[in-house]
Amino acid sequence: APVGGQAANTPAKPINEIAAPNLKVGDTWIFQKVDLFSGSVISKYTSTLKAITADEWQFASGGVTDKSWNYLRVLQGDKVVTTWSPRQHLLDFPLRPGKTWSEVAVVENQKLTSERKIEFKVMRQERILVPAGVFDTLRVEGVGKYKTVMKAGDSGEGTIAYRYWFSPDVGRVVAYEYEETNWKGVLSRKERDELLSYQRAK
């Protein structure tokens with residue numbers, strides 16, 4: 001039997017719309033990141049909601065998002081090490097099939113500044129199997145370009161593509177795929193994050 005989600009043979013309930021999730025302090029999700037070139041797991045990470053403010057979710061790992069899962073910054077201790085301006089915009093609630101939006105954002109860290117322009121669309125409802133179980137989701141896809149300037153001085157540009165599956169039961173994506181070409185136009189990153197387990201605070 002699956003750890004969570006639906007039994008694989010139950011009919012899917014139509015998902016007409018997904019509102020922004022209502023998270024609680026203590027909500028925890030555990031993921032693995034898979035390199036799709038080799039098929040090997042390259043990391044596992046835990047995401048636990050530590051604090052909620054008027055506009056933000058703050059996670060124990062140092063990540064800070066808006067209340068739609070879009071990154072604003074990452075901290076190491078008290079030091080901000082990555083910022084998104086005005087924010088990352090991977091999700092735009094409410095999600096409904098056919099909805100589109102654009103991300104225009106600048107991400108900056110100690111090594112680089114990168115401008116990203118991406119067009120997103122909610123494609124359709126899909127049932128997906130991940131290690132945590134079987135989930136009914138809405139599938140989102142995004143394609144776009146980045147222009148990066150390294151602090152060392154060199155610069156370049158490439159393309160990026162996203163695919164992810166948002167589950168209203170889990171309150172976040174249960175699988176997330178990312179592809180990126182390098183400055184020579186060669187596909188250089190192809191990764192998939194998959195939910196291993198989760199615990200929503202009571």
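1. A residue is called buried when its relative accessible area is under 20%. In this predicted model, Gln32 has a relative accessible area of 11%, and therefore counts as buried. Gln32 belongs to strand β2, which covers residues 28-35. Leaving aside neighbours within four places in sequence, the contacts of Gln32 include Val41, Ser43 and Lys44, together with Pro131 and a set made up of Arg192, Asp193, Glu194 and Leu196.

2. The strands β4, β5 and β6 can be read together. Strand β4 (residues 56-59) pairs with β5 in the antiparallel sense over 3 bridges, and within this pairing Glu56 stands opposite Asp66 of β5. Strand β5 is in turn joined by 3 bridges to β6 (residues 71-76), again with the two strands running antiparallel, and here Thr65 has Tyr71 of β6 as its bridge partner.

3. Both hairpins contain a residue with a positive phi. In the hairpin of β4 and β5, with 3 residues between the strands, Gly62 has a positive phi near 110°; in the hairpin of β5 and β6, with 4 residues between the strands, the positive phi belongs to Trp69 and is near 70°. As for β5 itself (residues 63-66), Gly63 and Thr65 point one way while Val64 and Asp66 point the other way, and all of them are buried.

4. Which residue forms a stacked aromatic pair with Phe59? The partner is Trp69, at 5.3 Å centre to centre and with 20° between the planes. The pair links distant parts of the chain, since Phe59 lies in strand β4 and Trp69 in the loop between β5 and β6, 10 residues apart. Phe59 counts as buried because its relative accessibility is 5%, and Trp69 is likewise buried, because its relative accessible area is 10%.

5. The largest nonpolar core holds 36 residues, of which Leu95, Tyr164 and Leu195 touch the most other members. At least two residues of this core come from each of β2, β4, β9 (112-130), β10 (133-150), β11 (155-167) and β12 (172-181). Not counting residues up to four places away in sequence, Leu95 touches Asn16, Glu17, Ile18, Trp101, Val122, Leu138 and Phe166.

6. On the aromatic residues as a whole, the count comes to 14 aromatic pairs. Ring pairs also link Trp101, Phe120, Tyr162, Tyr164, Tyr176 and Tyr178 into a cluster.

Definitions and conventions
Residues are numbered from 1 along each chain as its sequence is written. This is a predicted model: local features need pLDDT of at least 70, side-chain atom pairs count only at pLDDT 80 or more; totals for chains, interfaces and linings use all residues. Side-chain values use heavy atoms; hydrogens and water are left out. Buried means under 20% relative accessible area, exposed over 50%, partly exposed in between (1.4 Å probe, protein chains only). Two strands pair if DSSP finds at least two bridges between them. Contact means heavy atoms within 4.5 Å. A nonpolar core is a set of buried Ala, Val, Leu, Ile, Met, Phe, Trp, Tyr and Cys residues joined through side-chain atoms within 4.5 Å. Rings of Phe, Tyr and Trp (its six-membered ring) pair if their centres lie within 6.5 Å; planes under 30 degrees apart count as stacked, over 60 as edge-to-face and the rest as tilted.
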